[in-house]
Amino acid sequence: MESNLVDCPECGLPATKRSEGLLASTAGPVEHVRLRCVLGHWFLGPSDILLHRRRR
């Protein structure tokens, strides 16, 4: 079972992850996710970018 908790790309605090499905791209379907952290930051985008993004 996959966890719905991940690190927020902005602050590193816990964030919930929700799949938004697959969207078409020129390289084929790409999974998109919605993240919302405990401080209210939110993101919507490709899972391969959002789930591996490092804080600055």
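Modeller: Gladly. Accessible areas here come from the Shrake-Rupley method with a 1.4 Å probe. By that method the chain exposes about 4400 Å², and carbon and sulfur atoms supply 54% of it. Keep in mind that this is a predicted model.

Colleague: How much of the chain counts as buried?

Modeller: Buried residues make up 23% of the 56 residues. The label needs a relative accessible area under 20%.

Colleague: Why is Ser-47 called buried?

Modeller: Its relative accessible area is 11%. The cut-off is under 20%, so Ser-47 is buried. Ser-47 sits in helix α1, residues 47–50. Beyond its neighbours within four places in sequence, Ser-47 is in contact with Glu-31, His-32, Val-33 and His-52.

Colleague: What makes Leu-39 exposed?

Modeller: Leu-39 has a relative accessible area of 58%. Leu-39 lies in the loop between β3 (30–37) and β4 (42–46). With Leu-13 and Val-38, Leu-39 forms a nonpolar patch on the surface. Together the three have about 290 Å² of accessible area.

Colleague: Which residues make up the largest nonpolar core?

Modeller: There are eight: Val-6, Cys-8, Ala-15, Val-33, Leu-35, Cys-37, Phe-43 and Leu-50. Strand β3 gives the most to this core, with three residues. In soluble globular proteins, nonpolar side chains tend to be buried together.

Colleague: What does Leu-50 touch?

Modeller: Leaving out residues up to four places away in sequence, Leu-50 touches Pro-9, Val-33, Leu-35, Phe-43, Leu-44 and Gly-45.

Colleague: How do you know that Cys-37 is buried?

Modeller: Its relative accessible area is 7%. Buried means under 20%, so Cys-37 qualifies.

Colleague: How many salt bridges does a search of the whole structure find?

Modeller: Two. Glu-20 forms a salt bridge with Arg-18, and the closest N and O atoms are 2.8 Å apart. The side chains of Glu-20 and Arg-34 also meet in a salt bridge, at 3.1 Å from N to O.

Colleague: What makes the pair of Glu-20 and Arg-34 a salt bridge?

Modeller: The cut-off is within 4 Å, and 3.1 Å passes, so the name holds. Glu-20 lies in strand β2 (residues 14–23) and Arg-34 in strand β3, so the pair ties together parts that are 14 residues apart in sequence. Arg-18, Glu-20 and Arg-34 are linked in a network of salt bridges.

Colleague: Why is Glu-20 called partly exposed?

Modeller: Its relative accessible area is 30%. Buried is under 20% and exposed is over 50%, so Glu-20 falls in between. Arg-34 is partly exposed as well, with a relative accessible area of 30%.

Technical notes: Residues numbered from 1 in each chain as written. Predicted model: local features only at pLDDT ≥ 70, side-chain atom pairs only at ≥ 80, totals over all residues. Heavy atoms only, no water. Patch = residues over 30% accessible without salt bridge, like charges linked within 9 Å, V, L, I, M, F, W, Y side chains within 5 Å. Helix = DSSP H or I, 4+ residues; strand = E, 2+ residues; numbered from the N terminus. Buried < 20%, exposed > 50% of the residue type's maximum accessible area, 1.4 Å probe, protein only. Core = buried A, V, L, I, M, F, W, Y, C linked by side-chain atoms within 4.5 Å. Contact = heavy atoms within 4.5 Å.
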